Amino acid sequence: MTWITLLTSTLWEAEMMQQLLAAHNVPARVIDLGVKSYLGSGTPAALQVHSQDKWIALLLLSPPEEEQT
């Protein structure tokens, strides 16, 4: 199974998104990208999903659309 990187962010954000995906039965993993903490931004990390789950993961993590008035 091929894993693809969906996004890179701080470790705590990636873990939160991983939990959201797990709640919808989408397998995901968080890869720690090192100890580059500066200005309180936290440790960088990558969120990865299976290539077949890319679009459902993007839809689940995207902001809701605003209604047109």
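User: What percentage of the residues of the protein count as buried?

Analyst: This is a predicted model, in which local features need pLDDT of at least 70 and side-chain atom pairs count only at pLDDT 80 or more, while totals for chains, interfaces and linings use all residues. Residues are numbered from 1 along each chain as its sequence is written, and side-chain values use heavy atoms, leaving out hydrogens and water. A residue is buried under 20% relative accessible area, exposed over 50% and partly exposed in between, with a 1.4 Å probe and protein chains only. Of the 69 residues of the protein, the share that counts as buried is 22%.

User: What span does helix H1 reach from its first C-alpha to its last?

Analyst: Helix H1 covers residues 11–23, which makes 13 residues.

User: Which residue after H1 has a positive phi?

Analyst: Most residues other than glycine have a negative phi. The residue that follows H1 has a positive phi, near 60°, although it is not a glycine. Its place is in the loop between H1 and S2, and at 69% relative accessibility it counts as exposed. This residue is Asn25.

User: Which residues form the largest nonpolar core?

Analyst: A nonpolar core is a set of buried Ala, Val, Leu, Ile, Met, Phe, Trp, Tyr and Cys residues joined through side-chain atoms within 4.5 Å. Leu6, one of the core members, touches Leu47, Val49 and Ala57, among others, not counting residues up to four places away in sequence. The largest core has seven residues: Leu6, Leu21, Val26, Ala28, Leu47, Val49 and Ala57.

User: Is His50 buried or exposed?

Analyst: His50 is placed in strand S3, residues 44–50. Contact means heavy atoms within 4.5 Å, and His50 touches Met1, Thr2, Trp3, Ile4 and Pro27, leaving aside residues up to four places away in sequence. Because its relative accessibility is 11%, His50 counts as buried.

User: How far from Asp53 is the nearest side chain of opposite charge?

Analyst: Asp53 lies in the loop between S3 and helix H2 (54–61). Lys and Arg count as positive and Asp and Glu as negative, with His and the chain ends not counted; a salt bridge is a side-chain nitrogen of Lys or Arg within 4 Å of a carboxyl oxygen of Asp or Glu. Asp53 is buried yet has no salt bridge. The nearest side chain of opposite charge is Arg29, at a distance of 11 Å.

User: Which residues does Asp32 touch, not counting residues up to four places away in sequence?

Analyst: Asp32 belongs to strand S2, residues 28–32, and is partly exposed, with a relative accessible area of 47%. One of its contacts is Pro44, which lies in strand S3 and is partly exposed at 22%. With residues up to four places away left out, Asp32 touches Thr43, Pro44 and Ala45.

Note on methods
Helix = DSSP H or I, 4+ residues; strand = E, 2+ residues; numbered from the N terminus. Expected span 1.5 Å × (residues − 1).
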